[in-house]
Amino acid sequence: MYQPWTVKHKPKSLKEVVGNKEAIQKLVEWVKSWNWGPPPKRAAFIYGPPGVGKTVTVEALANDFNMELIEKNASDYRTEENVKRFAGLASQYGSLFGKKRIILFDELDGLTGTADKGGVKAITEIVKVAQCPIVLIANNAYDPRFSFLRNYCLLIEFKKPAVNEVLSHLKAICLKEGIQAEESALSFIARRSEGDIRSAVIDLQALSQGKKKLTYDDVAWLGYRDRQENIFTVLKMIMYGKTCDGAKRAASMADVDADMLFEWIYENVPNHFTDPHDLARAMDALSLADVYRGRIRRSQDWSFTRYVVDLMTAGVAMARAGSKPSGWTPFHFPARVQMLSRSKEERSLQLEIGHKIKRKCHISAIRASKEIIPYLKIIFKNNPKMAAGIAKWLDLTPEMIEYLAENKERAEEIKALIGG
Amino acid sequence: MSFEMWAEKYRPKTLDDMVNQKEIVERLKSFVKAKNVPHCIFAGPPGTGKTTAALCLARDLYGENYRDYIMELNASDERGIDVVRETVKTFARVKAIGEIPFKIMILDEADNMTADAQQALRRTMERYTETCRFILCANYSGKIIEPIQSRCAPFRFTHLPRDEHDKYLQYIAKREGLTLLGDALDAIFEVCGGDLRRAINTLQAAASLGKPIDSKIVYSIAGRANPADVQKMIETAMKGNFIEARKQLREMIQKYGVAGSDIIRQIHTEIFRLEIPEPWKIKLAEIVGEIDYRLVEGADEEIQLSALLARLVEAAYEMKNAKRV
């Protein structure tokens with residue numbers, strides 16, 4: 001029978017919960033304090049990113065303390081009335097069967113404006129007079145909707161566990177499932193999850209189901225593929241979007257951040273907007289989006305982000321008038337991003353060489369790196385003897401020689417000539 | 001063949017060695033004779049001998065140990081106000097020992113100094129005139145603030161005349177044992193435009209191939225050595241190939257670190273040289289201006305300039321259609 005490993009290997013006890021030891025300790029002490037009557041803060045508000053073990057912790061806590069857990073989450077409607085029905089349960093610490101009880105309101109972010117009208121208010125009322133521990137869970141406790149509720153809560157932050165902690169959890173699961181996994185494969189999954197244990201476990205199951213062995217190749221390839229598929233769908237929705245809303249919605253589906261999505265769009269626009277007018281319009285939309293990014297940087301006012309997103313998605317989509325989709329055109333990974341990391345190192349090396357030139361040639365290091373280096377490259381490529389002479393004269397390091405020669409063998413030849 | 005940078009090896013050592021800028025050299029010689037030098041501005045395009053003239057003047061004035069009496073600062077590398085406040089001031093206020101009572105501060109690429117630094121410099125120049133004279137080298141004297149200009153004797157350097165240029169390169173070729181074929185010098189002059197440093201570098205890079213040098217070699221070297229080939233990029237865009245033009249732009253910015261502001265300035269110049277209907281030139285200039293403004297607002301250089309390229313592609317397309325009608 002198929003059972004998700006997130007359920008099957010869920011921690012039963014707090015000891016098994018991955019990471020967040022301090023936060024858990026804080027929670028435990030708070031629950032223990034209930035033994036002497038209601039503490040000043042009658043609710044604990046646990047917050048943190050998805051998949052770091054917030055809900056699991058509360059379940060394990062109830063288990064360890066042998067408490068009855070009563071849970072409400074976003075799948076229930078949480079209108080004022082709905083919530084009020086809990087008021088009775090919360091008015092007693094002990095239940096009918098003698099167990100102490102704990103009430104959990106999970107996924108508070110999911111409270112929507114209209115459907116769950118008054119929900120937060122009703123929860124606040126319950127918390128104020130609660131006679132048993134109440135735990136609230138949300139991704140962001142600092143949402144303005146919770147500002148009043150927060151006053152009555154002990155805030156407990158859950159952080160993303162370290163890669164190592166996720167890794168050892170995955171190892172434990174593999175051991176139980178009898179899977180021989182390469183360390184590099186598991187650490188790839190752990191790293192990719194970025195601290196989201198739930199997604200790491202889901203990935204592990206998806207990749208190793210029905211296998212006894214898990215290699216790095218299995219993992220790296222699949223992981224790459226599903227990320228790519230996601231971005232391709234998003235790009236298609238943006239570049240061929242018929243409505244502004246559709247294009248904007250696509251952006252929220254992307255599992256890359258806004259800056260990276262921008263790069264993807266910028267890279268691929270010219271291949272998909274073949275009509276020169278369309279291309280100019282699409283590029284102008286990106287240019288304006290970028291202007292807003294500049295304004296955000298300077299003003300530090302992140303609310304402008306909405307215009308960046310509008311322009312880079314809807315702005316691009318609406319640029320299409322004459323261009324027809326010409327068969328299937330593939331999407332490419334942003335070449336600029338690939339180049340950027342490489343060229344950063346290169347530029348700093350260029351400047352170092354520039355400083356060497358400056359000492360000898362009465363020219364600024366900046367100008368030397370732009371104006372002299374191209375000639376040096378030609379010389380180093382063609383004439384090892386002359387190159388060796390210049391390298392010695394300028395006192396270049398082996399790394400610099402390799403850079404200028406653009407070829408390992410040639411660089412060795414030059415270095416040998418200097419030595420001899 | 002010798003194995004150092006020829007541009008340095010063949011840099012004139014004394015004012016007498018200098019082949020060009022005759023009038024300037026004569027005036028500088030009179031300073032040496034009088035053993036007195038005013039503050040100077042040497043203005044002119046790159047590779048015309050500004051730094052060389054300053055160094056020659058110093059050597060003629062102080063003799064072989066001239067290095068003890070001068071300081072060279074490069075404003076492109078050290079252009080902030082702190083440099084003026086500390087390095088420059090410390091150097092300027094200490095008296096020179098010897099026959100000549102002042103030292104010389106050579107500020108190279110001074111037009112790259114910030115306005116603040118120039119303001120600070122103005123005071124320093126005034127206060128320490130007794131102990132230090134300044135020579136400011138700049139491509140454009142207009143970028144030097146008025147108060148400094150008014151304190152300096154101006155010298156305007158111009159490109160080498162063609163025959164001087166040829167004579168100099170032929171001299172180097174002879175000393176290095178190179179063979180220059182027919183139109184090689186024409187080609188060097190064409191691609192370097194009288195910038196002697198570039199001309200000598202081109203000559204040396206061409207010589208590194210170990211073959212007789214002809215115009216073909218020169219052009220191929222120039223093509224590889226000038227990453228900021230804005231003209232070529234514009235041509236590519238006007239032919240309708242946006243992706244290739246963007247690639248060239250990316251190379252310039254990322255690989256060679258050319259500043260966006262430099263690229264857009266060159267694009268602006270090139271626009272008016274294009275063979276397109278006159279009204280289009282001003283239309284394109286306005287687009288360039290808009291993009292320039294966005295750059296000033298702090299946007300990403302490549303994104304903005306490639307948006308500009310897309311507009312060029314569009315403009316070329318419209319011009320082509322208009323012709324057909």
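A residue is called buried if 20 or more other C-beta atoms lie within 10 Å of its own, exposed if 12 or fewer do, and partly exposed in between, with C-beta atoms placed from the backbone. The views below show a predicted model, in which local features need pLDDT of at least 70, side-chain atom pairs count only at pLDDT 80 or more, and totals for chains, interfaces and linings use all residues. Residues are numbered from 1 along each chain as its sequence is written, and chains are lettered from A and ligands numbered from 1 in the order in which they are written.

**View 1**
Helices (H or I, at least four residues) and strands (E, at least two) are DSSP runs, numbered from the N terminus. B:Leu284, B:Val288, B:Ile291, B:Arg294 and B:Leu295 are buried in H14(B).

**View 1. B:Pro277 is in the loop between helix H13 (260-271) and H14 of chain B.**
B:Pro277 counts as exposed because it has 11 C-beta neighbours inside 10 Å. The C-alpha atom of B:Pro277 is separated by 8.4 Å from that of B:Met319, 42 residues apart along the chain.

**View 2. Five strands of chain B form an open sheet.**
The order of the strands is S2-S3-S4-S1-S5, with parallel pairing. Strand S2 (70-74) and strand S5 (153-156) of chain B stand at the edges; each has a single partner strand, so one side of each is left without a neighbour in the sheet. On average, neighbouring strands are turned by 15 degrees against each other, direction ignored. Two strands pair if DSSP finds at least two bridges between them. Strand S3 (residues 103-108) and strand S4 (residues 132-138) of chain B pair in the parallel sense over five bridges. B:Ile106 stands opposite B:Ile135 in S4(B).

**View 3. Strand S4 (residues 134-138) of chain A is mostly covered.**
Five of the five residues of S4(A) are buried. A:Ile134, A:Leu136 and A:Ala138 are on one side, and A:Val135 and A:Ile137 on the other. Strand S1 (residues 43-47) of chain A runs parallel to S4(A) and is joined to it by five bridges; here A:Phe45 stands opposite A:Leu136. Strand S3 (residues 101-105) of chain A pairs with S4(A) in the parallel sense over three bridges, and A:Ile103 stands opposite A:Ile134.

**View 4. Chain A touches chain B.**
The contact takes 44 residues from chain A and 46 residues from chain B, where two residues are in contact if their C-beta atoms, placed from the backbone, lie within 7 Å. Among the helices of chain A that each supply at least two residues to this side are helix H13 (258-272), helix H14 (276-299) and helix H16 (335-361). H14(A) gives the largest share, 14 residues.

Technical notes
Axes fitted to C-alpha atoms, helices over the stretch in contact; angles between N-to-C directions.
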